[in-house]
Each structure stands twice: as structure tokens, then as C-alpha cells.
2 protein chains.
Amino acid sequence: MEIKILKNIMGVNDQVAGKNRELLEKNKVFTINIMASPGAGKTSTVLQTIKALKPLRVGVIEGDISSTIDAETVAKVGVPVVQINTGGECHLDANMIQNALGNLPLDEMDVLMIENVGNLVCPADFKLGESLKALIASVPEGDDKPYKYPGMFTAVDVIILNKIDLLPYVKFSVEAFTQAVKGINSKAQIFPISCTTGEGVEAWGKWLKKRIKDTGK
Amino acid sequence: MEIKILKNIMGVNDQVAGKNRELLEKNKVFTINIMASPGAGKTSTVLQTIKALKPLRVGVIEGDISSTIDAETVAKVGVPVVQINTGGECHLDANMIQNALGNLPLDEMDVLMIENVGNLVCPADFKLGESLKALIASVPEGDDKPYKYPGMFTAVDVIILNKIDLLPYVKFSVEAFTQAVKGINSKAQIFPISCTTGEGVEAWGKWLKKRIKDTGK
């Protein structure tokens with residue numbers, strides 16, 4: 001009975017996600033679903049990526065349980081942004097995105113970055129209509145996270161390892177992390193970056209630009 | 001309809017949590033439900049707290065989606081430990097704890113530390129039968145987390161601010177964090193600690209010992 005209800009919810013979500021995808025593709029908007037733990041640096045990565053993707057025009061959807069802090073930060077750099085407050089829900093879903101898309105100038109955008117709720121579990125299960133699923137891991141979280149959150153680490157197409165400027169101060173082996181990822185997700189490329197120093201951002205931006213181009217932008 | 005189902009689930013969970021509480025109180029075991037983001041340092045804090053609480057005898061329940069890494073780490077210091085793998089569930093619930101309690105020597109324990117799944121959202125809603133709800137925040141996550149995860153920050157009795165050894169290297173204001181917490185949860189005391197250097201652990205242990213004593217241990 002419980003499983004039936006869950007399947008139903010997921011089925012409806014997938015349907016709406018499909019519609020979002022159609023609308024986004026019609027407008028030639030490449031969409032990235034960005035997932036991470038709380039405080040891994042999602043908003044900082046969004047800001048760095050906006051710069052790295054220039055001259056592509058980026059729009060942003062900010063997902064948070066509460067507050068408009070992130071949307072205000074993003075709005076300052078002059079890109080269109082919509083804040084979704086889930087009010088307690090631990091992840092974004094396709095329906096929330098559908099509503100937000102109506103408030104974005106899709107015909108003036110090349111890329112949509114969706115910042116999901118900070119959570120390494122629930123967001124992995126909900127399609128939003130995205131072209132790419134990205135996970136931001138961060139150095140202070142430790143190199144064992146792929147073992148503990150395998151659902152998320154296997155669900156994503158690309159992994160950004162943020163805060164590498166903190167490597168001298170914490171116990172973290174990039175090699176051990178990479179091995180752990182490769183063990184469960186051989187296709188996901190890993191980009192070590194620091195949003196503080198800017199290190200690695202160029203390589204990530206270059207890869208993403210190519211990926212966007214390859215999909216026909 | 002959906003709300004009814006949810007209320008039902010929560011009602012059943014609360015009932016089982018009540019039974020857990022009775023069993024733990026009968027055995028004079030003070031129980032702490034430890035919640036945090038992934039990688040905030042839950043297991044390190046458990047290890048430091050075990051030392052700080054001596055000669056009190058501690059048992060541990062480790063909650064993870066997958067893996068037995070944390071249970072193995074804790075077992076090495078010679079305390080009884082049970083690993084719960086939720087297999088995808090984003091939080092522990094009272095039923096999982098009920099099963100785990102049957103595998104712990106409660107009559108030889110004074111304190112039970114339950115390490116919940118790394119998640120700043122879902123675990124806040126599920127009572128386990130605990131005497132105390134503790135949140136571990138960590139410096140690299142940023143000082144704005146109380147605004148973004150108000151459900152968790154209001155639900156807890158005490159907040160440990162871990163990784164203060166990283167304060168020189170990241171943007172984090174302990175004062176701003178404290179103000180943000182006080183704005184939504186005036187009763188929760190904050191203990192800044194570093195599990196790496198041991199700073200602040202003594203004050204936290206002293207407070208916890210007094211709290212345990214005050215409940216009649």
C-alpha cells in the first residue's frame with residue numbers, strides 16, 4: 001500500500017518533469033540540477049559558473065526550506081532568479097519547478113541552474129526536467145561520503161569537489177574520494193575546485209560549455 | 001488525504017518512541033539523538049563525548065543509509081555499538097531504534113548516543129525516545145544555516161558548533177551564528193568545539209554530565 005502511494009507520487013512527478021523538459025528544450029535552455037549537503041557551497045558554485053559560462057546567459061532557481069538569502073545573493077550579479085521556499089519539504093519536485101519556470105524569461109536564457117535543497121538523500125529521487133544532474137561535494141565533509149550516500153553519488157552525471165583550498169587543514173584524500181566515487185559511478189567526472197580562490201573553475205566551466213554545445217545549443 | 005496518512009505515520013512513530021523512552025528510563029539510560037549535515041563530525045563528536053563522559057558507560061547506535069564505517073570506528077574504542085542501515089530512508093525512526101535497543105546491553109549502560117542520518121531536514125520530525133536532541137553544526141557549512149533550516153534549529157535542545165579550528169580559513173562569524181540561533185531558539189545553548197584539537201570538548205562534557213545527573217542518574 002505504502003509502495004503504491006510512493007509509486008504514484010513518483011509517476012506524477014516524472015510526468016511533470018517531462019513537461020518541464022519539453023518546455024526547456026523548446027526554449028533551448030540547458031538545465032542543471034545542483035544537489036549537495038547544506039553548506040557545501042552550492043550558491044558560490046552557481047556564481048562562479050555564471051562567470052565561467054559567459055557569454056552564455058544563465059537564469060537561476062534557488063530552492064530552500066526557508067529564507068531568500070541565496071536568491072538575493074544571486075540577484076546581485078544581475079541574472080534572473082526565482083526563489084522557491086519549500087516550507088519544510090526536503091527536496092524540490094517537478095511541480096515546484098513548473099511554477100518557477102513561468103516566472104523566468106526562458107527565451108532570453110541559454111542555461112538554467114537549479115539549486116536544490118541542501119540534502120544528500122531525498123533530492124536524488126526527484127526528476128525536475130534537467131539536462132544534467134550535478135553533485136557538489138566539499139572537502140570538509142570527508143572523503144567517505146560516497147560510501148554513506150550511494151544513492152546520490154550514483155544518480156549524478158558530474159561531481160564538483162569544492163573547497164580544495166581547505167585540503168591542507170583537514171583529513172581528506174582526493175585519491176580515496178575518487179576511488180570511492182569510481183567504485184559506484186564510473187561515468188561521473190570529478191572537478192576539484194575552490195570557489196574561494198577560483199582554482200579549477202576554468203576546467204569545470206570548459207567541460208560544461210562543451211557539454212552544453214554537444215546538446216545542440 | 002495526504003495529511004491524514006502523514007499524521008498516522010507520525011502517530012505510530014510517537015507511540016513507539018514512547019515505548020523506547022519507557023524502556024530506556026527503566027534501565028536508567030540517558031539518550032541523546034544527534035543530528036547534523038553529512039560530514040559535520042557526528043562520529044568524531046561521539047568519540048570525544050565518550051571520553052568526556054567517563055566514568056559513565058556509553059553505548060552507541062549508528063544510523064546511516066549504507067555502510068558500517070562509523071560503527072567500526074566506534075567499536076574500536078570498546079563501547080557497545082549497533083549499526084542501522086536505513087537502505088535509503090533519510091532519517092531514523094522509533095521502530096528502527098526499538099529493534100536496535102534489543103541488541104544493546106542497556107543494563108550495563110548509562111548513556112546512549114544515537115547518531116542519526118546526515119540530514120538537516122527530515123530527522124527533526126521523528127522522535128526516537130530520546131532524553132535530549134543535539135544538533136552538530138560545523139564552521140565550513142557557514143553561519144547562515146539557522147535561517148535555511150529553521151525546523152532543525154528550533155527542534156533541538158543543544159547545539160554543538162564543531163570544527164572551530166577552521167575558523168581562520170573560512171568566512172564564518174560565531175557571533176552572527178549565535179544571533180541567528182537565538183532568534184529562533186532562545187533555549188538552546190551553543191558549545192563551540194573542535195574534535196581535531198579537543199578545544200571546547202571539556203565544557204560540553206561538563207554541561208552534559210550535569211544534565212544527565214539532573215535527570216536522576
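**Entry 1: starting at a strand pair**

I began with strands E1 and E4 of chain A, which run parallel and are joined by five bridges. Two strands count as a pair if DSSP finds at least two bridges between them. Across this pair, A:Phe30 sits opposite A:Val111 in E4(A).

A note to myself: this is a predicted model, where local features need pLDDT of at least 70, side-chain atom pairs count only at pLDDT 80 or more, and totals for chains, interfaces and linings use all residues. Residues are numbered from 1 along each chain as its sequence is written, while chains are lettered from A and ligands numbered from 1 in the order in which they are written.

**Entry 2: the other side of E1(A)**

Next I checked E1 (residues 30-36) against E5 (residues 132-138) in chain A, and they pair in the parallel sense over five bridges. A:Asn33 stands opposite A:Lys133 in E5(A), and A:Ile34 has A:Ala134 as its bridge partner there.

**Entry 3: the whole sheet in chain A**

I then stepped back to the sheet, which is open and has seven strands in the order E3-E2-E4-E1-E5-E6-E7, paired in parallel. Strands E3 (81-85) and E7 (189-192) of chain A are at the edges with a single partner strand each, so one side of each lacks a neighbour in the sheet. From one strand to the next the twist averages 20°. (Angles run from 0 to 180 degrees between N-to-C directions, and axes are lines fitted to C-alpha atoms, for helices over the stretch in contact.)

Helix H8 (residues 201-214) of chain A packs on this sheet, touching E1, E4, E5, E6 and E7, and its direction makes about 145° with that of E7(A). Touching here is contact, meaning C-beta atoms, placed from the backbone, within 7 Å.

**Entry 4: one residue, A:Ile114**

I picked A:Ile114, which is in strand E4 of chain A. A:Ile114 is buried, with 27 other C-beta atoms within 10 Å. Leaving out residues up to four places away in sequence, A:Ile114 touches a list that includes A:Thr31, A:Ile61, A:Leu92 and A:Leu128. A:Gly59 is 55 residues from A:Ile114 in sequence, but their C-alpha atoms are 8.6 Å apart in space.

**Entry 5: over to chain B**

I looked at strand E2 (residues 58-64) of chain B, where seven of seven residues are buried, so E2(B) is largely enclosed by the rest of the structure. B:Val58, B:Val60, B:Glu62 and B:Asp64 cover one side, and B:Gly59, B:Ile61 and B:Gly63 the other. E2(B) pairs in parallel with E4 (residues 111-115) over five bridges, and B:Val58 is opposite B:Val111. Five bridges also join E2(B) to E3 (residues 81-85) in parallel, with B:Ile61 partnered by B:Val82.

Then I turned to two helices: H2 (residues 42-52) and H8 (residues 201-214) of chain B pack at about 65°, axes 9 Å apart. From H2(B), B:Gln48, B:Thr49 and B:Ala52 meet residues of H8(B), among them B:Trp204 and B:Leu208.

**Entry 6: how the chains meet**

How many residues of chain B are in contact with chain A? I got 29, against 29 residues of chain A. Helices H5 (145-148) and H6 (150-155) of chain B each supply at least two residues to that side, and H5(B) gives the largest share, three residues.

Last, I laid chain B on chain A: a turn of 180° and a shift of 0.0 Å along the axis give an RMSD of 0.0 Å. (The superposition is by least squares on C-alpha atoms of residues with pLDDT of at least 70 in both copies.) The two copies are thus related as by a two-fold rotation axis. The same surface serves both, since 100% of the contact residues of chain B recur in chain A.

How values were computed. Contact = placed C-beta atoms within 7 Å. Helix = DSSP H or I, 4+ residues; strand = E, 2+ residues; numbered from the N terminus. Buried ≥ 20, exposed ≤ 12 C-beta atoms within 10 Å, placed from the backbone.
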